[in-house]
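Hi,

Here is the structure I promised to pass on.

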Amino acid sequence: MMMSMKRRLITGFVVMMLVVCSVPEVFAASVGFTKAYVEGNSYTYITRKDKTTKNGYVELLVKTMYTTDNKAASYKKSKAQLRGWNGKSYVRATSTADYGKTVTKGKESTFELLKDYRKAGKTVKYYAKGNDPNKDCKITGTMWVDQEH
């Protein structure tokens with residue numbers, strides 16, 4: 001009886017340590033943004049995140065969209081670009097199909113990084129543009145880098 005209880009405690013402790021040790025890795029791969037300003041007719045820098053693995057996907061989630069005076073908006077879409085450093089400047093880090101991709105509020109969008117931007121230590125920058133060139137807005141959400149897919 002005593003040995004069984006000891007095994008359960010040890011097993012429980014090991015499981016708990018595995019969970020605790022994996023949590024920082026999950027959080028280290030994401031960055032949130034709150035009421036980031038988005039131009040309606042040109043791409044605006046939103047946020048950036050350094051990669052920690054060689055995984056090749058990034059996910060974006062725009063949770064809420066606001067008017068420029070911080071009121072909740074009925075807007076549903078924006079366009080997204082992911083850029084990476086090529087040694088001289090920040091350039092397209094995704095396939096052409098994923099560059100300028102429309103992101104729908106409340107739905108995760110997946111982007112595939114080009115091979116050169118999958119390495120640990122690379123920085124991914126997120127730029128957004130309005131879906132309607134006549135409407136600037138603000139957005140809140142999360143970007144996850146280092147996704148397996």
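This is a predicted model: local features need pLDDT of at least 70, side-chain atom pairs count only at pLDDT 80 or more; totals for chains, interfaces and linings use all residues.

Residues are numbered from 1 along each chain as its sequence is written, and side-chain values use heavy atoms, with hydrogens and water left out.

Now the sheet. Strands here are DSSP runs of E with at least two residues, numbered from the N terminus, and two of them pair if DSSP finds at least two bridges between them. Strand E3 (residues 57-66) pairs with E7 in the antiparallel sense, over four bridges. They belong to an open, antiparallel sheet of four strands, ordered E1-E9-E3-E7. E1 (30-38) and E7 (109-112) are at the edges with a single partner strand each, so one side of each has no neighbour in the sheet. On average, neighbouring strands of this sheet are turned by 25° against each other, direction ignored (the axes are lines fitted to C-alpha atoms).

Next, the core. A nonpolar core is a set of buried Ala, Val, Leu, Ile, Met, Phe, Trp, Tyr and Cys residues joined through side-chain atoms within 4.5 Å; buried means under 20% relative accessible area, exposed over 50%, and partly exposed in between, with a 1.4 Å probe and protein chains only. The largest one has 23 residues, and Leu60 turns up again among those with the most contacts inside it, as do Val58 and Tyr126. Elements giving two or more residues to this core include E1, E3 and E9.

How many aromatic pairs does a search of the whole structure find? It finds three, where ring centres must lie within 6.5 Å and planes count as stacked under 30 degrees apart, edge-to-face over 60 and tilted for the rest. One of them is Tyr45 with Tyr127, edge-to-face at 5.7 Å centre to centre and 70° between the planes. Tyr45 is in strand E2 and Tyr127 in strand E8, 82 residues apart. Tyr45 is partly exposed at 37% relative accessibility, whereas Tyr127 is buried at 11%.

Strand E8 also holds Thr123, which is buried with a relative accessible area of 14%.

Cheers

Conventions:
Axes are lines fitted to C-alpha atoms, for helices over the stretch in contact, and angles run from 0 to 180 degrees between N-to-C directions. Rings of Phe, Tyr and Trp (its six-membered ring) pair if their centres lie within 6.5 Å; planes under 30 degrees apart count as stacked, over 60 as edge-to-face and the rest as tilted.
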